[in-house]
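Dear colleague,

Please find below the structure that I am handing over to you, with its sequence. My notes on what was found in it follow.

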Amino acid sequence: MHFVDKLAEIEARYEELTAQLSDAGVFADPQRYQKTAKSHAELREVVEKYREWKELKKSLDETKALHEDSSSDAEMKALAQEEMTGLTQKIELVEAELKILLLPRDPNDEKNVVLEIRAGTGGDEATLFAQELFRMYSRYAEAQRWRVEVLSTSVSGIGGLKEVIALVEGQKVYSKLKYESGVHRVQRVPATEQQGRIHTSAVSVVVLPEVDEVEIEIDPKEIRIDTFCSSGPGGQSVNTTYSAVRITHLPTSTVVSCQDEKSQIKNRAKAMRVLRSRLYEMKLQEQQKQLTEERRSMIGTGDRSEKIRTYNFPQNRVTDHRIGLTLHQLDRVMDGKLDEVVEALIAYYEAENLKQAAVTA
């Protein structure tokens, strides 16, 4: 395995960081300690896997020696051969896992996300499905022990969601949700349909990594802030104070509104978080346009206007068109049990990245 030297360097760095965490000087400096602990945690998984690989290699060498020992009888040699086969298979599996762990990491994987869901074609039926998708992601987030905070909502006349924007906070949120961006199509018989005809509606989902002020600086001169009264379904006034906030980023004409809080200050803070994430996404897309077509396909997750998934209710079927995955467990998926879909997407894109790494190596 040609990357053993690299793994040995990583292990040495990990041990160095372990020693620093026990150092009184580092412990006395909270900022330095936090930075050291973060670096230590980032290396832990690959170091533990490397140590597992070393133990397996050691066991294989010992078993080979036993197999080649002239004093071993036929039965002992047969047992050694069987064990060598099993150890070799385990080593190959661990090496494959190590190759994935050594791939360049998406710098956004550890981040919280801004989740935006909007009803598309399909009228009222689309707003109802948007509401169900938000429930699906909320249930999934709950199972992952993430926190979901609604930043903005727009409700339809029948109680569906025209739009919802939420912040999802927790461990490695972006790494698991980043492949959800795109058009989600639903096929089912609406409750209002008298003749039992299947209708097709669409909902768009956008997942943005949340960024802080250091990563995206917004010049106060480049934004316009308007305040207005919050409104509910049908346009009726929810309160008589100007607590709702609309922020316009003048250079890009990006508009963000937030009215869920009764406090104008809180709404403004929430709107700024969404604005920063949208501007960061624009920045990333601009960078990707400058890359080659082949490389961009490895980094990007596809056109956001592209249909990525179909939810067919009559057949209890969900299909992800990017990876050809079909599950006849739509009821479970809509209840937030997304693990099988999420893990399949991660595995697919990791395999694509490995192919790209092999081409450029």
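By class, how many nonpolar, polar and charged residues does the lining of the largest cavity have? There are seven nonpolar residues and one polar residue in that lining, and no charged ones. Please bear in mind throughout that this is a predicted model.

The cavity

The structure holds one cavity of 30 Å³ or more. The volume of the largest cavity is about 40 Å³. Its lining is formed by Leu115, Phe134, Tyr137, Ser138, Ala141, Val148, Val168 and Leu177. Helix H5, which spans residues 124-143, supplies the largest share of this lining, with four residues.

The second largest pocket

Two or more lining residues are given by each of helix H1 (4-21) and helix H3 (30-68). The largest share comes from H3, which provides eight residues. In terms of class, the lining of this pocket comprises 12 charged, eight nonpolar and one polar residues.

Packing of the helices

Two packed helices are described by the angle between their axes and the distance between the axes. Two such pairs, both involving H3, are described here.

For H3 and helix H4 (residues 74-101), the packing angle is about 160 degrees and the axes lie 9 Å apart. An angle over 145 degrees counts as roughly antiparallel, and H3 and H4 are therefore roughly antiparallel to each other. The contact of H3 with H4 has 14 nonpolar, five polar and 11 charged residues. The crossing in which H3 passes H4 is left-handed.

For H1 and H3, the axes come within 8 Å and cross at roughly 135 degrees. That angle makes H1 oblique to H3. In the contact of H1 with H3, the residues divide into 14 nonpolar, five polar and six charged. The crossing of H1 and H3 is also left-handed.

Aromatic pairs

With ring centres required to lie within 6.5 Å, the count comes to seven aromatic pairs. One of them is formed by tyrosine 50 and tryptophan 53, whose ring centres are 6.0 Å apart and whose planes are at 20 degrees, so the pair is stacked. The cut-off that applies to this assignment is that planes under 30 degrees apart count as stacked. Both tyrosine 50 and tryptophan 53 belong to helix H3, where they are three residues apart, about one turn of the helix.

In brief, H3 takes part in a roughly antiparallel packing with H4, gives the largest share of the lining of the second largest pocket and carries the stacked pair of tyrosine 50 and tryptophan 53.

With kind regards

Technical notes: Residues numbered from 1 in each chain as written. Predicted model: local features only at pLDDT ≥ 70, side-chain atom pairs only at ≥ 80, totals over all residues. Heavy atoms only, no water. 1 Å grid on protein atoms, 1.4 Å probe; cavity = no way out; pocket = protein on both sides within 12 Å on 5 of 7 lines; lining within 4 Å. Points joined across faces, edges and corners; volume = space filled by probe spheres on them. Nonpolar A, V, L, I, M, F, W, Y, C, P; charged D, E, K, R; others polar. Axes fitted to C-alpha atoms, helices over the stretch in contact; angles between N-to-C directions. Parallel < 35°, antiparallel > 145°, perpendicular 65-115°, else oblique. Left-handed = near helix turned anticlockwise from the far one by under 90°. Phe/Tyr/Trp six-rings, centres within 6.5 Å; stacked < 30°, edge-to-face > 60°.
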